[in-house]
Amino acid sequence: MAYVATRGGERAIEQSQRLYREEMGAITPERVNELRQAMPYLIDRVMGEASLYDEDLAALALAQTGGELYEATLLLRAWRTTQPRLAVADPVTQDGLFTHRRISAAFKDIPGGQVLGPTLDYAHRILATEVLSGETHVPDPVTPAARPSPAHQPSVAAWQAENDLLTAAKPDQTTGNDIPDVTREPLLFPAKRAHTLQSLARAETGGVLALGYAAQRGYGQAHPTVNELRLAEAEIKVKHPRGTTFSAGRVKLSQAEVVNKKGTQLELGFAATMGWNEVKVIAAATLDVNSEGAAKGSATEEEFFLYHTEGVESSGFCIHFKLPHYVTFQSSLDAMRDAKAKKVAKDKAPEPAE
């Protein structure tokens, strides 16, 4: 593939950037704070795809890009690469999560009970148009439950493994900087399990949904059941150089387990991501459970879905087609003209005498 250097037009380029930013207006601390508070799920999505948990920076990236998600994610990832790695947190376990929402489509009475938590699953989709007429829409207050649900819940898959319904995954004892890190190492296939889960965690939500939906509609090998969907907060514990362990705060995360009947056992698919993003983890866990034995080039083949749901790379490749392709396009035109000339010459050539 050949390109030509773009020369001149610096003033036009500068003005085009000014035009883009002028439409968004001034970016103030108040505006960033308003974005962070008003759009927590959008903030979560950007943080998850950027592999960086910082609500203020995610809100700033959205403010700078006018809500262009690919640009906002790219901004955050670029900023992340400039930061030093100070420490590696202790592993987070499922039963150690501070759980806000935990539901299962497999069992009504799961160990620990179901927690509906914050959701619009059963809401009417009605716009609050009175706001456009000058009224203020105030949501109804929440009535606290008489008996709060336990903050920490066990894993449904762990209970199923104890009851010989599925084979539990072997514990991975790798810790610290020995954990494979897809942000520092190339993604190679067959992929390391850590790379697979990390890639799904930072995959572009729309891409994961599209391929996961294809698998759910019948283009995959398995139709999953949501074993457990959880929205929670994880306490991040790190070790001080002096040897003491302390909490660096909590981060929101989502996780999904999906299962599929395979012979006499259930096979398990799993996905998790930073922030609360239910659709993404269900679709990603669906791809995970479908990946074993998937045909080469199919939507559920691991190499296919991990490469094609990498949002920064895929959006970057797509928009690179805006760059001048004068040489390659001219080469295509030359080939077309040459083929046309040869066809005309062949048509004009006298037919051989019998």
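Biologist: Which helix gives the largest share of the lining of the second largest pocket?

Modeller: This is a predicted model, where local features need pLDDT of at least 70, side-chain atom pairs count only at pLDDT 80 or more, and totals for chains, interfaces and linings use all residues. Residues are numbered from 1 along each chain as its sequence is written, and side-chain values use heavy atoms, with hydrogens and water left out. Helix H3 (40–50) and helix H9 (278–290) each supply at least two lining residues; helices (H or I, at least four residues) and strands (E, at least two) are DSSP runs, numbered from the N terminus. The largest share is three residues, and the helix that gives them is H3.

Biologist: How much space lies in the second largest pocket?

Modeller: On a 1 Å grid over the protein atoms alone, a pocket is an open set of points with protein on both sides within 12 Å along at least five of seven lines, a cavity is a set where a 1.4 Å probe fits but cannot get out, and lining residues have an atom within 4 Å of a point. Grid points are joined across faces, edges and corners, and the volume is the space filled by probe spheres set on the points. For the second largest pocket, that space is about 460 Å³.

Biologist: Which residues are closest to the centre of the second largest pocket?

Modeller: The lining holds 14 residues. By class they divide into seven nonpolar, three polar and four charged. Nonpolar covers Ala, Val, Leu, Ile, Met, Phe, Trp, Tyr, Cys and Pro; charged covers Asp, Glu, Lys and Arg; the others, Gly among them, are polar. Closest to the centre are Tyr41, Leu120, Trp276, Asn277 and Glu278.

Biologist: Which element gives the largest share of the lining of the largest cavity?

Modeller: The count comes to one cavity of 30 Å³ or more, and the largest cavity holds about 40 Å³ of space. Its lining includes Glu49, Tyr70, Arg77 and Arg202. Helix H5 (69–81) and helix H11 (311–319) each give two or more residues. The largest share, four residues, comes from H5.

Biologist: How far apart in sequence are the parts that Arg85 and Asp181 tie together?

Modeller: Arg85 forms a salt bridge with Asp181, meaning a side-chain nitrogen of Lys or Arg within 4 Å of a carboxyl oxygen of Asp or Glu. The closest N and O atoms are 2.4 Å apart. Arg85 sits in the loop between H5 and strand E1 (98–103), and Asp181 in the loop between helix H6 (156–162) and helix H7 (193–201), so the pair ties together parts separated in sequence by 96 residues.

Biologist: Is Arg101 buried or exposed?

Modeller: Arg101 forms a salt bridge with Asp121, with the closest N and O atoms 2.9 Å apart. Arg101 lies in strand E1 and Asp121 in the loop between E1 and H6, so this pair joins parts 20 residues apart in sequence. Buried means under 20% relative accessible area, exposed over 50%, partly exposed in between (1.4 Å probe, protein chains only). Asp121 is partly exposed at 39%, whereas Arg101, at 0%, is buried.

Biologist: Which peptide bond is cis, with omega near 0°?

Modeller: Look in the loop between H6 and H7, where Pro190 lies. The cis bond runs from Phe189 to Pro190.

Biologist: Where is Ser51 found?

Modeller: Ser51 has a positive phi of about 60° although it is not a glycine. Ser51 is buried, with a relative accessible area of 16%. Its place is the loop between H3 and helix H4 (55–65).

Biologist: Is Asp164 buried or exposed?

Modeller: Asp164 has a positive phi near 60°, in a residue other than glycine. Asp164 lies in the loop between H6 and H7. At 57% relative accessibility, Asp164 counts as exposed.
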